Each structure stands twice: as structure tokens, then as C-alpha cells.
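Good morning, and thank you for coming. I ask you to keep the sequence and the structure in view while I speak.

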Amino acid sequence: MREGWIIGDLQEPSVVYGVHGTTGHSQWKCLARRAGLFGSWEAVEWAWIPPGGISGEHVHTRTEEIYFILSGRGEMTLDGRPHTVGPGSLILTGLGTRHGLRNIGDEGLGWLVIELLSPATSAVLRGETPPASPSSEPSERGGRDVNAEVYNLRRMGEVDPRSVFTGPLRDIRLVKLEPGQRAELSATGVEHTLFALEGSGQLASGEAEVPLKYGVSVTLPLGTGTAVTTAGPQGLEYFLASLEVPGGGAR
């Protein structure tokens, strides 16, 4: 295993006005980009809007997107259909889904964003012939007429995104370590992105150590690995998404 983690946090976020063509401001921080990664990630980001704030409706034709709500209360619109969301809500927006998010609570609405390249876009960037586009007919999506899903990840614990996504993202889960527990993460054939939610802990590999607390993000490129340990009486909880890297053994 080699070292080479991509580490981010929520310190000094950017203030953005008119996001997706709407009025008002938001806060935003990029936690990781596809540079330095082997898989079809586009970006891992954090975003926040104040009470009454809106992240305007828009469509992605080249990327698929995860929204994981961290704080506040919002209304997620998916192809014109509103869904009330709050902490623990996981929204998967597939290719071509018009989506927007509005803060309907009295506190800031914060969420984690993971944007992933579609197989066709990923192939073009690699200089390859893109695969045929999947059908957008409802019959090819199990009868669903909206290419998106909303889950309560806190209740479910784990979600397989392949019912919506066409790319190689394979697993989304919440991991809870009790005090004294340890977990191993190996990026062999996959890459992982982790976002600390509650408690405290650390990542360690060889002489490298990264303290974990709320808002710290660590993305593990192919060929890396780490041990995750707790560091306090509350244990540690984190969000984890894992993406298969086709043909990716340890490098």
C-alpha cells in the first residue's frame, strides 16, 4: 500500500452568489477532485444555504450526483416533485434528472455532494469510444418515471446506488465505531471517500496520521489503505462511499 490520501475540511469555505441562477448566497467547499484519483469521480463537495435559501433547479447530462443532508430541513425537487429532507436523507439524482434544493427550516441547510462521471463521459475523457446510452424509458427503470431516489440512510445504514446510477459507484453507507473499535479500509480495486459525522478518531498508515472530527473528509486513491480508529468516549461515525475502478488492482 502507498500513501497519498486527499484530505479536506470545512475551514474557510467560499461564499457563492447566484448558484445555479438563483438569488441569494451559499457557502461551498471542494473536498476532493478527480485529479489524483483513478476512478470516475468528478468532485466531492460541501454546500450550505441559509434559511429561505435556494440551490436552483438544474440538470446534469454528464454526471450523476449524491446529496447527503447533514443539517437543517429542506425540500428537494426531483423533476417537479417535492420531497422533504433532513439530516440523514440521501438523494441519488441520475442522468437527466432536474433537481433543486430549498431551505424550508429556520437554520442553515448543509449537505455533502458527490458528483460522478457517467460511463460515457468517463470513456471520452480516457480517449475511448463511449458505451451506448441507457434507455430513459420508464419501463427500463423498473416503471419509475423519475430517475432519482430519496432514502433515509440513517435508518437503512447502507444503500446500493445501482438502481439509479449507471456508473461504478457500488456502496454508500454509514459506519459507526464504538469506543476502542477499529476498521480497515483498503483501496484495492476500489476508491473510497469518507466524511466524519460524529465523535472523533484518526486514520493511520505507517507514519501518516489524520485526526478525524466533524467535517473532515478523506478520499483514498487506488493503492492506498488505512486503519480507522476511535479517539474518545463517543466513538466515531462517518459517511463512506466506495467506487469500483474497472481493472484497478493495487498500484
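This is a predicted model: local features need pLDDT of at least 70, side-chain atom pairs count only at pLDDT 80 or more; totals for chains, interfaces and linings use all residues.

Strand β17, residues 201-205, is joined to β18 by five bridges, and the two run antiparallel. Two strands are said to pair if DSSP finds at least two bridges between them. The strands themselves (E, at least two residues) and the helices (H or I, at least four residues) are DSSP runs, numbered from the N terminus. Within this pairing, Gln-202 stands opposite Pro-211 in β18. The hairpin of β17 and β18 has two residues between the strands, and there Gly-206 takes a positive phi near 65°.

Residues are numbered from 1 along each chain as its sequence is written, and side-chain values use heavy atoms, with hydrogens and water left out.

Strand β20, residues 225-230, pairs with β15 in the antiparallel sense over five bridges. There, Glu-184 stands opposite Ala-227 in β20.

Let me now turn to the chain as a whole. Its secondary structure comes to two helices and 21 strands. Of the 251 residues in the chain, 50% are buried, where buried means under 20% relative accessible area, exposed means over 50%, and partly exposed lies in between (1.4 Å probe, protein chains only). Contact means heavy atoms within 4.5 Å. Among contacts between residues at least 6 apart in sequence, 69% join residues at least 24 apart.

Thr-93 is placed in strand β9, residues 89-93. Is Thr-93 buried or exposed? With a relative accessible area of 1%, Thr-93 is buried. Leaving aside neighbours within four places in sequence, the residues in contact with Thr-93 include Glu-64, Met-76, His-99, Asn-147 and Phe-165.

Next, the charged side chains. How many salt bridges does a search of the whole structure find? The search finds nine, a salt bridge being a side-chain nitrogen of Lys or Arg within 4 Å of a carboxyl oxygen of Asp or Glu. In one of them, Glu-237 meets Arg-154, with the closest N and O atoms 2.9 Å apart. Glu-237 lies in strand β21 (residues 236-244) and Arg-154 in helix α2 (residues 153-156), so this pair ties together parts that are 83 residues apart in sequence. Glu-237 is buried, at 8% relative accessible area, whereas Arg-154 is partly exposed, at 41%.

Because Arg-170 lies in strand β14 (residues 169-177) and Glu-244 in strand β21, parts that are 74 residues apart in sequence are tied together. Both residues are partly exposed, Arg-170 at 27% relative accessibility and Glu-244 at 32%.

Finally, the aromatic rings. The whole structure holds three aromatic pairs; rings of Phe, Tyr and Trp (its six-membered ring) pair if their centres lie within 6.5 Å, and planes under 30 degrees apart count as stacked, over 60 as edge-to-face and the rest as tilted. Phe-68 and Phe-239 form a tilted pair, 4.9 Å centre to centre with 35° between the planes. This pair links distant parts of the chain, Phe-68 in strand β6 (residues 63-71) and Phe-239 in strand β21, 171 residues apart. Phe-68 is buried at 2% relative accessible area, and Phe-239 is buried at 0%.
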